[in-house]
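Reader: Could you walk me through this model, starting with one of its helices?

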Amino acid sequence: MPRPILTRVVDTAMDRSVVLGYTTIGLAVRRALPGWPADPLPRSLEGRHVLVTGASSGLGAATVAGLAGLGAVVHLLVRDEAKGAGVADRIRATHPGAELRLWRCDVADLDDVRRFAAGFAAEVPDLHAVVHNAGVMPPERTESPQGLELSMAVHLVGPVVMTESLRGPLAGGRVVLVSSGGMYAQPLHADDPGYTAGDYSPTTSYARSKRWQVELAPMLADRWAADGTTVATMHPGWADTPGVQESLPTFRRLTRPVLRDDAQGADTSVWLTAVEPAPPTGRFWHDRVERPTHLLPTTRGSDRDRARAWAWLREAAGLDEAAAP
């Protein structure tokens with residue numbers, strides 16, 4: 001449904017202001033404006049299988065609840081099985097009859113990702129969507145078992161390896177990568193994917209990896225288009241997640257009155273997974289609307305940067321060159 005001009009003007013103004021657009025204020029105003037994209041139909045995911053990573057808390061748990069409410073068979077991918085089981089029990093209590101299944105995997109460990117994906121594909125031959133929600137913000141520079149900087153491993157390489165390993169069951173389905181508005185402040189550091197230069201900052205590392213997600217999404221969309229699989233990146237706005245509580249206490253103290261709750265932060269992930277027809281592939285979304293990938297000239301990368309970044313990802317994820325876009 002086309003949005004009225006006034007709606008687009010107000011929406012864009014809030015988006016550029018950040019404080020208005022990313023908080024509960026932005027979501028409330030957008031919902032009230034004409035042209036707000038319609039909710040998925042009730043039970044629109046009845047019987048469809050959806051995989052959610054990082055499902056043991058925060059946005060991941062809220063995404064599971066939202067998808068379960070639409071009738072999906074939701075697979076919770078977690079590192080801590082006891083914590084994940086607690087989330088599943090709470091969702092079953094509020095969504096009687098919800099079909100939930102728990103799986104364990106460390107998304108940072110590519111060997112573990114491949115192990116999980118092989119077992120999952122053997123049991124779930126038809127996967128409607130995977131929501132790559134797992135996130136990390138280590139206080140010090142940390143490496144994965146394969147020697148990758150941890151943020152890049154969890155936010156980019158692990159999800160790509162997992163999706164590649166699930167291309168059979170996922171054919172014709174959807175991939176949603178949960179990114180961050182923080183990526184707007186970072187250029188594509190194609191020359192330093194391991195964050196080895198300069199002083200390490202947890203928030204910068206997080207934002208850099210999210211920039212990589214958004215920049216390479218169109219290339220991943222091209223790669224998986226032959227399977228009929230679509231790709232979307234999105235950012236949830238400012239949500240009061242466990243990650244914010246633990247890693248950004250000062251930010252949370254200042255913004256807590258207007259931070260979104262988990263369900264509000266997960267709204268677009270659920271919408272992208274369920275809405276029909278599938279949204280255009282390779283795009284970046286917030287509050288159910290496609291957003292620009294750059295707001296500052298200083299963050300706009302070149303084709304050469306993206307080609308260099310793609311070459312690094314292809315090697316890190318072990319992608320075959322013949323099938324690359």
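Reader: Where is the kink of α12 centred?

Author: This is a predicted model, in which local features need pLDDT of at least 70, side-chain atom pairs count only at pLDDT 80 or more, and totals for chains, interfaces and linings use all residues. Residues are numbered from 1 along each chain as its sequence is written, and side-chain values use heavy atoms, with hydrogens and water left out. Helices are DSSP runs (H or I, at least four residues), numbered from the N terminus, as strands are (E, at least two). The bend at a residue is the angle between axes fitted to the seven residues ending there and the seven starting there; in α12 a kink of about 35° is centred on T268.

Reader: Is α12 largely enclosed or open, and how many of its residues are buried?

Author: Buried means under 20% relative accessible area, exposed over 50%, and partly exposed in between (1.4 Å probe, protein chains only). The buried residues include D267, T268 and W271. Helix α12 is largely enclosed by the rest of the structure, because the buried residues number 10 of the 13.

Reader: Which residue caps the N-terminal end of α12?

Author: Polar contacts are pairs of N or O atoms within 3.5 Å; within protein, one must be able to donate a hydrogen and the other to accept it, and residues adjacent in sequence count only if both atoms are side-chain atoms. Here a side-chain oxygen lies 3.2 Å from the backbone nitrogen of A263, and the capping residue is D261.

Reader: How far apart in space are P4 and L33?

Author: P4 sits in the segment before α1 (5–17) and is partly exposed, at 34% relative accessible area. P4 and L33 are 29 residues apart in sequence, while their C-alpha to C-alpha distance is 9.0 Å.
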